[in-house]
Amino acid sequence: MHGEAQFEDVIREHQGFVFRTLVRLTGSREHVEDLAQEVFLRLYRGMESFRGDAKMTTYLYRITLNVAQDEWKRRKKEQSYTSFDDPDAGWEDRLAGAGGDAEQMLSSKQRMAGLERALGELSEAERQVIVMFHQEELTYEKIAEVLSLPLNTVRTHLHRGRKKLKERLREGRTACAMTA
Amino acid sequence: MRDDGVNCEELQRALRGDQVLRGGRKLTKDESAHVDECDACTEMLLTLALDAKPEVSIPADFAARVAAMTPGRQEKHEMTRTPRPWGVISGMAVVLVVLVVCFAGSPPANSWVGLVFVMLVATEIAGLALWLGPKWRGR
């Protein structure tokens, strides 16, 4: 590659995907701009070896997933060191069903928040497959290529992930109803 | 329709119409309880929620800023800042000396001086080739 202007076009074309995926996979909007920047700089470093746009997008997807995974692990580690006594930790918000009235629990925002929480409890592979399939509308074949997994494994992850989400959403709702 | 009085088709139409997920209207308690019990409605709600793309705000200058940070630009600066013409300069100096010695005095016939000249020229050309070769390839 590739002039600076050309690379800028590549960024413009794919920045939506990168931002959305990072937000969904890390479960937070914090530092998302820094993470997206890291994704594109890594892409630039690897760009010399690409001969086609298809390979480049596959590589971009992989980098995005890797960066999101690293951030996810970092945050989990940080959370494990956070004390319950920490006033800034916001445990009340994180614990399902704490506070809030029953009416609020039925709102779409609560449902979406519950879904984000439930997504965070899935395995890495399940979460990645679900986000790529649903949010980014990638085909099974493309997901298999990006994750270097057999097609059937992708299908299995999607099926299991959806099943777990359904169960966890129902469990969460039941917990909400009991605490309300 | 199940026996809880909620019509699945109507509820799913409302879900598909994005009224619920976008916060246009809240599910009633009965509808919410129905969603928890009815597999088809749960599936529908889950699919719609997962399909929904999270709203993100991307700074307008993000692409330009990141493109400006690419290492390519820094490398170009380094290349123009540190030209190394010493090989060419010394090569040209040797050529000048050889030419002066060859043509200013009497022509060196079959003497050791002639041999040295020839060796000098050969060495100089070889040196230039070795020195400049990788540089030209890099451009």
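Which residues in helix 7 of chain A meet helix 8 of chain A? Gln128(A), Val129(A), Met132(A) and Phe133(A) meet Ile143(A), Val146(A) and Leu147(A) of helix 8; contact requires C-beta atoms, placed from the backbone, within 7 Å. By class, this contact has six nonpolar, one polar and no charged residues. Ala, Val, Leu, Ile, Met, Phe, Trp, Tyr, Cys and Pro count as nonpolar, Asp, Glu, Lys and Arg as charged, and the others, Gly among them, as polar.

This is a predicted model, in which local features need pLDDT of at least 70 and side-chain atom pairs count only at pLDDT 80 or more, while totals for chains, interfaces and linings use all residues. Residues are numbered from 1 along each chain as its sequence is written, and chains are lettered from A and ligands numbered from 1 in the order in which they are written.

| Helix pair of chain A | Axes come within | Crossing angle |
|---|---|---|
| helix 1 (residues 4-26), helix 2 (residues 32-46) | 10 Å | roughly 135° |
| helix 7 (residues 124-135), helix 8 (residues 140-147) | 10 Å | roughly 140° |

Axes are lines fitted to C-alpha atoms over the stretch in contact, with angles from 0 to 180 degrees between N-to-C directions. Helix 7 of chain A is therefore oblique to helix 8 of chain A, as angles under 35 degrees count as roughly parallel, over 145 as roughly antiparallel, 65 to 115 as roughly perpendicular and the rest as oblique. Helix 1 of chain A and helix 2 of chain A are likewise oblique to each other.

Notes:
Helices (H or I, at least four residues) and strands (E, at least two) are DSSP runs, numbered from the N terminus. Two residues are in contact if their C-beta atoms, placed from the backbone, lie within 7 Å.
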